[in-house]
Amino acid sequence: MEQPFGTLYILAAAKINGLKLELPPFEYGEATGTPGRYTQRTPEFRAKFPRGKAPGFESASGDFRLVESGAIAHYVSEAGPKAAQLLGASLEERAKVQEWIFWHELELGTPLPELISWQLGTAAYDAQKQGAAAKALDDHLSYLEGSLKGRKWLVNDQAGPSLADLTIGASLLFACRFYIDKKMRDRLPQMVAFLTRLREVEGLEELFTIQMVEERRQPPSAS
């Protein structure tokens, strides 16, 4: 089952760490009134997570809760036996993992909502903003393509994928679902190989398998 970007890399970190996360039924939007259905706007969800942000994490004991997907992913990464792989085994590796995560947050992840949100019906199409976002994404993907050349993973080729790989991989997968079509992927062989390697990691095949877009949807003005 395809997972949204905000939960995909959390679930991937849990898989690598051998941790089981329970996923209750969830719907975005207004409360449906169906018993047991949680949304970020229901009183039940707000009682646990007052800001109504999703995803939300609650420990098995119920006495510890987190929001913000990055914080949850870090917690899950540190909570199991593969913490050194996921977060770095040395001061330098931990710094590199964080460097890539911040790069994703401040660079790669920034143009994607603008490029995709109009397709999801959550924002109006704006040609000027689309053009700027497309240029920014191309620049960031070119940098990533060069960084992956000759490498298996972003931080430590021998240790296996870190949280940086999972975070960036999940974002790329989301982009390939809606925007990075086959023509664009053909120009990014390192990125494609990177996503293939993630899919081949034990336990991650289902999470990192999606239907990638063959031809990008044309904007309203071009239809």
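Tutor: The buried residues of α7 pack against α5, α6 (112-120), α8 (163-178), α9 (182-185) and α10 (189-200). Contact here means heavy atoms within 4.5 Å, and buried means under 20% relative accessible area, exposed over 50% and partly exposed in between, with a 1.4 Å probe and protein chains only. Helices (H or I, at least four residues) and strands (E, at least two) are DSSP runs, numbered from the N terminus.

This is a predicted model, in which local features need pLDDT of at least 70, side-chain atom pairs count only at pLDDT 80 or more, and totals for chains, interfaces and linings use all residues. Residues are numbered from 1 along each chain as its sequence is written, and side-chain values use heavy atoms, with hydrogens and water left out.

Helix α7 spans residues 127-148, 22 residues in all, and reaches 31 Å from its first C-alpha to its last, close to the 32 Å expected at 1.5 Å a residue. That expected span is 1.5 Å times one less than the number of residues. The buried residues of α7 are Q130, A133, A134, L137, H140, L141, L144, E145, S147 and L148. They cover an arc of only 150 degrees around the axis, which puts them on the same side of α7. The arc is that of the directions from the helix axis to the C-beta atoms. An α-helix has 3.6 residues a turn, so residues three or four places apart point the same way. The face of α7 turned away from the buried side carries Q128, A132 and S142, which are exposed.

One of the partners of α7 is α5. Helix α5 has 18 residues and reaches 24 Å from its first C-alpha to its last, close to the expected 26 Å. Its buried residues are E93, V97, W100, I101, W103, H104 and L108. Seen down the axis of α5, these fall within an arc of 150 degrees, so they line one face of the helix. On the other side of α5, L91, E92, E105 and L106 are exposed.
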